[in-house]
2 protein chains.
Amino acid sequence: MATARYDRLKLENQICFPLYASSKEVIHRYKDYLTEIGLTYTQYIAMMVLWERAPLSVKGLGEFLYLDSGTLTPLLKKLEKSGLILRERDPQDERSVTISLTEAGRGLREKAIQIPEKMESCIPLTNEEAQTLYKLLYKILKTV
Amino acid sequence: MATARYDRLKLENQICFPLYASSKEVIHRYKDYLTEIGLTYTQYIAMMVLWERAPLSVKGLGEFLYLDSGTLTPLLKKLEKSGLILRERDPQDERSVTISLTEAGRGLREKAIQIPEKMESCIPLTNEEAQTLYKLLYKILKTV
DNA sequence: CTCGTTTATATTGTGCACTATTTATTATAA
DNA sequence: TTATAATAAATAGTGCACAATATAAACGAG
C-alpha cells in the first residue's frame, strides 16, 4: 500500500533517534550536579577514567572514551588550566603525552562520589531494566 | 572495604557512558550513507520529520526532535541553501516561521528510503532486542 | 485601548565531536 | 645505516548542542 512505502523512514520507527535523544537527555540531567563541581559531562567522564587509571597517555584515555586527540587536547588543556591534571611529554617516547592528576584533581573525586547516586533517581529504570539496557548498549558498542 | 568506595564512579558502572558512546557510534555508522545524499545526521532526522509533517513551524519541528531554535535556525538555513526546504514567516502569526519542502526536498526521500534498511545490518540486535532497547530508551525519554 | 507579559525565532558565546592535515618522534626495512 | 613508514599529539575547520540574551509580534488584564 502507498502509505507503507516510507514507514521505515519515520523517526519513531528507527532505533537511532531514541538513542540520540535519550543520550542527550541523560547528559542534561547531569548538568546541575556537574556544574556544582565545575565540570562538563565530557570532562567528567575523562576524570572518571583518570581517577581509576592515571597516569595515562592521551591515546590511552581516548581508547577508553572513544575520543581522539582532536577532542581531547583542548579538553585536557582546560582541565590543566583548572589545576586538576598535568600534561607532560613522556621522556621515554616524546610523541606521547602523559596525563596525571594533581592533588586538587584527586580531591575532586570526593565531591564527585555523590553524583552516581543522585543520578540513579533521575533515571526511571529498575535495576533489572538498567542491566538489560546496559547489555544491549554494549552489544552495539563492542561490534565493529 | 577501601576499594569499593569509588566503585560507582567507574565508567563501566554507569549507564550514561554506554548510552553516550553507543549513540555516537550509531551516528558514525550512518555517516557514509548520509554523505551520499548530502546530509548530516541532524539534518537527516530533521528531514525525516519534515517528510512526514511539513509544513511545520520551527517550534513544532523542535518538539519532535527535542531541539531549540539555537540549534535549528542555522541548520535550517543550511537546508534552505541546499534547496531542500523553504523558510517563510507565517502571515497569521509573524513570530512563527513555517518550514516547507521544495520539490528537491521531497525528491530526496526516494534516495533516503534505502538508509534504514542498510542501517539494520549495522546494528547487531535481533528484532526482539531492538524492541526491548526501544522501550527502555523511550522510558527514559518520556520521563520528566 | 494599552502596557506588561508571554511566545517564537534569531543571535551570541562556549564546548564538544569529528575529519583532515601537520609536526615531531620512533620504528623498520632495504 | 638511512630512507620510509607508522605513530602520537596538535591544529584547523565545520557542524552541532545548549545556555543566555535580544528582538519582534501577539496576547491579556485592567
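A polar contact is a pair of N or O atoms within 3.5 Å; within protein, one must be able to donate a hydrogen and the other to accept it, and residues adjacent in sequence count only if both atoms are side-chain atoms. The model toured here is predicted, with local features requiring pLDDT of at least 70, side-chain atom pairs pLDDT 80 or more, and totals for chains, interfaces and linings using all residues. Residues are numbered from 1 along each chain as its sequence is written, chains are lettered from A and ligands numbered from 1 in the order in which they are written, and side-chain values use heavy atoms, without hydrogens and water.

**First selection: DNA strand C**

Select B:Ser96, where a side-chain N or O atom is 2.9 Å from a phosphate oxygen of DNA strand C.

Now display every residue near the strand (one heavy atom within 4 Å of it). There are 28 residues around DNA strand C, and the closest are A:Asp68, B:Ser69, B:Thr73, B:Lys77 and B:Arg87.

**Second selection: the two chains**

Superpose the chains by least squares on the C-alpha atoms of residues with pLDDT of at least 70 in both. Chain B is laid on chain A by a turn of 180 degrees and a shift of 0.0 Å along the axis, with an RMSD of 0.0 Å. That is the relation of a two-fold axis. Because 100% of the interface residues of chain B are also interface residues in chain A, the copies meet through the same surface.

Contact here means heavy atoms within 4.5 Å. Neighbours within four places in sequence aside, A:Leu65 is in contact with A:Ile45, A:Ala46, A:Val49, A:Leu72, B:Leu11, B:Phe17 and B:Lys24.

Move to strand β3 of chain B, which holds B:Ser100; strands (E, at least two residues) are DSSP runs numbered from the N terminus. B:Ser100 counts as buried because its relative accessibility is 17%, the limit being under 20% relative accessible area (1.4 Å probe, protein chains only). Beyond its neighbours within four places in sequence, B:Ser100 is in contact with B:Ala54, B:Pro55, B:Leu84, B:Ile85, B:Leu86 and B:Glu88.

Key. Helices (H or I, at least four residues) and strands (E, at least two) are DSSP runs, numbered from the N terminus. Buried means under 20% relative accessible area, exposed over 50%, partly exposed in between (1.4 Å probe, protein chains only).
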